[in-house]
Amino acid sequence: PEEDEDLSDSEDSVYSGLEDSGSDSEEDEEDGFFNVPGDVFHAVLNHYSGFCWVFLPTRLPRFFSKDMLMCPFLVLQDIRNTVGNIPMEWYRDFPHIGYDLDGKKIYKPIRNKDELDDFLDKMENPDYWRTVHDNQTGSVIVLSDEQVELVNRLQRGQFGDINFNEYQPSVEYFSSDVMIHPVTNRPEDKRSFIPSLVEKEKVSKLVHAIKMGWIKPRRVEDNSRGTFYDLWASEDSSILSKHRMHLPAPKIPLPGHNESYNPPPEYLFTDEERALWEQQDPSDRKLPYVPMKFSSLRQVPAFPRFIHERFERCLDLYLCPRQRKMRVNVNPEDLIPKLPKPKDLQPFPTVQSLVYRGHSSLIRSISVSPSGQWLASGSDDGTVRIWEVCSSRCMKTIQVGGAVKTVTWNPNPAVCLLAVALNSVVLILSPALADRQVVSSSERLLLGDQEAEAAEDTGAVWSEAEGEELNQGIRLKVHHPKAVHQVVWHAKGDYLASVMPDNSSHLQVLIHQLSRRRSQNPFRRNKGLVQCVSFHPVRPYFFVATQRSVRIYNLVKQEMTKKLQANSKWISSMAFYPVCGSVSLTVLIVLITCHLICRHHKKAVRGVAYHRVYPLFASASDDGSVIVCHGTVYNDLLQNPLIVPVKVLRGHVMTHDLGVLDVTFHPTQPWVFSSGADNTIRLFT
Amino acid sequence: MGGLQKKKFERGSATNYITRNKARKKLQLSLPDFRRLCILKGIYPHEPKHKKKVNKGSTAQRTFYMLKDIRFLMHEPIVGKFRDYKVFVRKLKKAYGKTEWSAVERLRENKPTYKLDHIIKERYPAFIDALRDIDDALCMCFLFSTFARTGKCHVQTIQLCRRLTVEWMNFVIASRGLRKVFLSIKGIYYQAEVMGQLITWLVPYQFAHDHPTDVDYRVMATFTELYTTLLGFVNFRLYHSLNLLYPPKLDGKAMSELKEEDEDDYAMNSECYLEKLSALSASLSRVVSATEEEDAELDQFPVEGEDTEKMEAREREQKQQEAQKKLFEGLKFYLNREVPRESLAFVIRCFGGEVSWDKSVCIGSKYEVTDETITHHIVDRPNVDKQYINRYYIQPQWVYDCVNAKIRLPVEDYFLGVTLPPHLSPFVEEKEGDYVPPEKLKIMALQRGEKPANEQEEDEEEEEDDDEDDEEEEEEEEDDGGNDEEEETEEQNLKTMQEQSSQGKSLQVKVTPGKVTVENKARLEQEEKAEEKRLAIMMMKRKEKYLFDKIMFGKKRKIREANKLAAKRKAHDDAEKSKKKKARK
């Protein structure tokens, strides 16, 4: 009963869903039919206005059952439209939709169903879901259960026939079994039983190739690559010497603390260091990585340049030339030469003991009297002062009226005279600071015979001082044509040489004889800018220093004896080692001092001086220091003189980038005087 | 007169060298082949003394090889193999082009291969030579064994590298040769002593590599080819020197133990063996059944007085080394899963400890976490949920630091969640005047057997010590510098004065006349000496002066660097202290 109810009661139909889905394939009054062309099954349905082709998805089997085609109701309702397979809308405006077999019109159903009817039908008719509208005939067909089943089967992709077995055993026509009878009756070809020529050719080619060794037999699988044995079982040294000197590659440097994952804090970069590291070119960096700190091992990431570094090592191994570099492993202490201790070389000046103040400008020159009692100094303030050495008292101040370039004391102890060079004048002073005999002898020398006029070519004019100047002690004036830089006495005290450096003329050096008031120019030709000149203390030699060389002239023979080249840039002063007799040695030492001095001082050397008695020499420089050296000259001339710097004396203050300007030794004591740009003279004892 | 005019560049150094291109032409090899040959044979370019002469008057940049080297290469049988290979490639290409697959197959079967055994023997005529040069081989193999099996090189190479490195590690364990370990940011450095040679290698951390594009993997592969062969032969020899079986076999007992475990959980049967071996947990089986360790004692030779001291020192060193070898003996370690298992297992086993891990981490674990006899549990996380009472929970750095210090360090500094003490490089040997980090001093004190006092006091003391040390250092500097130039000493004097005044200490000048004179005397003497030296330096020859200046410059720079580090440390410590104080307040 329930089933009945279900069937009858269309509103709660279980098929309602199905009906919904099929609702767009509406059917009205027209009758439908299944068109079965070949093996594709179409259901052609008619709408109001057009066609809707429903393709059933599967390919129908050939075996279409007879009873299926001969559906019972198709047979019963013998209505056949003869218009054929045409769009039925062509008949839209006609009352009929085609012609039957007899040629009579098939009329459309009288009343068209409207939406409402359709809806009612859908709601009430339990067979609505299986009702199909046939466009051809305009009638409505209700599908039977079998037909519905068939449609379902086809939709599922099965065969239409229920009874058809798709897996029936197949008949093997071509099997491995040899049949008793031949398939064909044709006699066999000749070529099927004589050997093939083509094959023969191929085989013979292969055979030839094998014979010739072109084709190799299949190689036995060689597994020996990964197997190892005792390679060094017989170590023979014969191979060792076989090949070249092999340099093993240096090992990779071992890591330091800063490469640790958890280094001590001082190895980490500060911000500045980091910034610097980032700025630098990778090749300039001291470390190729930034030290990092991780609080635990778990947090350490992979090193991004690991493969790079390994690769670079590989490149180094095969691309870099190798060289054995001998590392000098020298203890720096060993390099310092072993010199006698300065203590053993005493006496030499060590302490600054006196300062002579009084000048108001820098002191260019100082000179000690041969007795060692007086010190004369000439300054830029236009005065020459004479000091007592022991008390540092200024005994005399002589206004000379111009910056004093040089002051020199006559080396002859029998006279007491002073030569002063300023501007273009050389003054001869008699300070009258000795006992009467000496003073009178010096006066006598000055008086001399005022013999001849000076030779014309020298241009030097002698004149006597008068009045005020005479009172001050100035006795003679020698006017030069040019500015005089230096004035030097001969050891006997009668001659003196003056220097007027001028590159353009040959009139650079003048030699004056005091007793005869005569001047002469010893050189005919200009040999460079003369820096300073000097007489040899004992022998008749005259030294002229130009910028880079020293010329030695023999005064007796009137010829040049030697020319010496200095390796310093500028020769500024000369001094002699007085003990020694031989000229060459003397000069040797002079040059050595120059050389040494250049190295020791940081700035230009202003003056050098030798002690008359002690083997000491001193050098003054613009860096404000005086270096005292002890020089030992061996009798064996092959041995280099041993020079030991014994003291660096400091005391002068740097003013206007000038330090010490002149330096002299006391004639008898191991004392050294130095005059500086700071308007003082200092005595070191 | 007479005779032919001598031509330039036909004798002398010009004929001893050959440019790379000419060498290549002489050998009839392409550039990659030439490169390979050079790598395999260990030929490197030479820098001639007179480049212009060798370069026939031109100053162009060229690479020169020794002509002798190139002649030596000409007789190498591998050159023939290279040519064969070229022919093979050509034939193969042709066969492909004609789609003759059978020919392709046949050609492939006959692909020419070569062996490097003779080259190894030639390059390293004695075993010890090979051992000396094994550093790079190890580094390379360890790197290649961590590569993924994709693309960059043959899978077989990777497998071979892995096998060889595992064998090497097993050997080091068996010989107990490991000496130093260092965790750097690049990877882990190991140093082992094998047959008297110190061998250092670097293992990257276990991460996938980000393969750079600007690296030529062919060069690396060629090197690896050589290195695997070398390492294989070296391994063989080393195993036999210890009476171990060469393709290494695990000990029978260990093997059976391992078998009990469910093998099928892990690798395939073929890989299982290597996996077990690489677990590093089992000992290896010997050819001769293991006898007691015969301690080869140093024979006493009658020697003269001076040498006895040396002998004693050597003996002491030997003893220390023996002690180090037994560093972890009797300890049972358990590795948590986040620590680097292979490295730790290797290190611990090298020093006689027992080690295990979770079953799921790797094959070959010996005991469970629950084992009551475990003494040390290595963890690398802030804390652990379930802690057992009778074991220490420590961070992995403890193991490495112990190895480097050669003693078991106090575990307190390495507990979980504690800020670790810095990890120092064991490869740095500080000479006099170098900067020594205070942690190193501490460890050295521990090595000498001094017990650290209570934390707090010790801290204070240390600080004071440090201060004193600093002062001493500064004074030393003064000496060094003072010998050279007075200005610098003055500067430093000024500096020290300033520092002292800034530290609030009174200046060292005292008023009492007696003391002042005493100080002055010493000072004077010093000054005198300094002056003497300065004067002597003046008299140096120019050449020596140059060298001397250079050496002194280097020394000064070193001192400057050390001072900088010390200053940095001091600043850091001060900052820490002030922080602490603030925290206390």
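Predicted model: local features only at pLDDT ≥ 70, side-chain atom pairs only at ≥ 80, totals over all residues.
## A nonpolar patch on the surface

Four residues, Leu116(A), Phe119(A), Leu120(A) and Met123(A), make up a nonpolar patch on the surface. Together they have about 360 Å² of accessible area.

One of these residues, Leu116(A), belongs to helix α5 of chain A, which covers residues 115-124. The relative accessible area of Leu116(A) is 56%. Leu116(A) counts as exposed because this value is over 50%.

## An open sheet of 5 strands

Chain A contains an open sheet of 5 strands in the order β13-β14-β15-β17-β16, with antiparallel pairing. At its edges are β13 (404-409) and β16 (461-464) of chain A, each of which pairs on one side only. From one strand to the next, the twist averages 20°.

In general, strands of a sheet pair through backbone hydrogen bonds, either parallel or antiparallel.

## A loop residue

Ser504(A) sits in the loop that lies between β19 (495-499) and β20 (509-513) of chain A. With a relative accessible area of 64%, Ser504(A) is exposed, because the cut-off for exposed is over 50%.

Ser504(A) and Leu529(A) are separated by 25 residues in sequence. In space, their C-alpha atoms are 8.5 Å apart.

## Strand β31 and its two partners

Strand β31 of chain A spans residues 672-676 and is mostly covered, with 5 of its 5 residues buried. Val672(A), Ser674(A) and Gly676(A) point one way from β31(A), while Phe673(A) and Ser675(A) point the other way. Residues on both sides are buried. In a regular strand the side chains alternate between the two faces of the sheet.

β31(A) pairs with strand β30 of chain A (residues 660-665) through 5 bridges, and these strands run antiparallel. The bridge partner of Thr664(A) in β31(A) is Phe673(A). A hairpin of 6 residues links β30(A) to β31(A).

β31(A) is also joined by 4 bridges to strand β32 of chain A (residues 680-684), again in an antiparallel arrangement. Here Val672(A) has Phe684(A) in β32(A) as its bridge partner. The hairpin of β31(A) and β32(A) has 3 residues between the strands, and in this hairpin Asn679(A) takes a positive phi near 65°.

Definitions and conventions. Residues numbered from 1 in each chain as written. Chains lettered and ligands numbered in written order. Heavy atoms only, no water. Patch = residues over 30% accessible without salt bridge, like charges linked within 9 Å, V, L, I, M, F, W, Y side chains within 5 Å. Areas by Shrake-Rupley, 256 points an atom, 1.4 Å probe, with all protein chains shown as cover. Salt bridge = Lys/Arg side-chain N within 4 Å of Asp/Glu carboxyl O. Helix = DSSP H or I, 4+ residues; strand = E, 2+ residues; numbered from the N terminus. Buried < 20%, exposed > 50% of the residue type's maximum accessible area, 1.4 Å probe, protein only. Pairing = 2+ DSSP bridges. Axes fitted to C-alpha atoms, helices over the stretch in contact; angles between N-to-C directions.
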